[in-house]
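Subject: Handing over a structure

Dear colleague,

I am passing the structure below on to you, and I would be glad if you kept it open while reading the notes that come after it.

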Amino acid sequence: MVLGLNDALVELTGALAGLTFTLQNSRLIGAAGLITGIAASLSMSASEYLSQKSEKGSKNPTKAMFYTGIAYVLTVLLLVIPYFVFANYYIALGVTLLNGILVILVFTFFI
């Protein structure tokens, strides 16, 4: 789950920043970010399942897969939603970066 959150933050924030400066259209950036994030969450979930399945001491690879996928999708939604809320893509990028920092702070607090 930690790997899923970390990967979502780094990968998607970088992709959204690049898309913001390239596309300059909030809705298009949000749609591309959502597609990228959902595809990456499926990949990360499958990787977590295979990783847990290959370890002998692992209890439930399916449960680990779902936790990782859900954490990834929730992070994706948190990072992409500002592009559907704000028409100005620079404001949306700023809110996305703040959301990323918020996720890091909340997760650090619980660890």
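Predicted model: local features only at pLDDT ≥ 70, side-chain atom pairs only at ≥ 80, totals over all residues.

Residues are numbered from 1 along each chain as its sequence is written, and side-chain values use heavy atoms, with hydrogens and water left out.

Helix 2 covers residues 26–54 (helices are DSSP runs of H or I with at least four residues, numbered from the N terminus). Its 29 residues should span 42 Å at 1.5 Å a residue, and the end C-alpha atoms, 41 Å apart, agree with that (the expected span is 1.5 Å times one less than the number of residues). At the N-terminal end, N25 caps helix 2, with a side-chain oxygen 3.2 Å from the backbone nitrogen of R27. Among the buried residues of helix 2 are G30, G33 and G37 (buried means under 20% relative accessible area, exposed over 50%, with a 1.4 Å probe and protein chains only).

On the surface, F66, I70, L74, L77, I81, V85, F86 and I91 form a nonpolar patch with about 740 Å² of accessible area together, and its largest share, six residues, comes from helix 3. V85, found in helix 3, counts as exposed because its relative accessibility is 56%.

A92, in helix 4, counts as buried because its relative accessibility is 0%. Leaving aside neighbours within four places in sequence, A92 is in contact with P82, Y83 and F86 (contact means heavy atoms within 4.5 Å).

With best wishes

Key:
Helix = DSSP H or I, 4+ residues; strand = E, 2+ residues; numbered from the N terminus. Polar contact = N/O pair within 3.5 Å; in protein donor to acceptor, adjacent residues only side chain to side chain. Patch = residues over 30% accessible without salt bridge, like charges linked within 9 Å, V, L, I, M, F, W, Y side chains within 5 Å. Areas by Shrake-Rupley, 256 points an atom, 1.4 Å probe, with all protein chains shown as cover. Salt bridge = Lys/Arg side-chain N within 4 Å of Asp/Glu carboxyl O.
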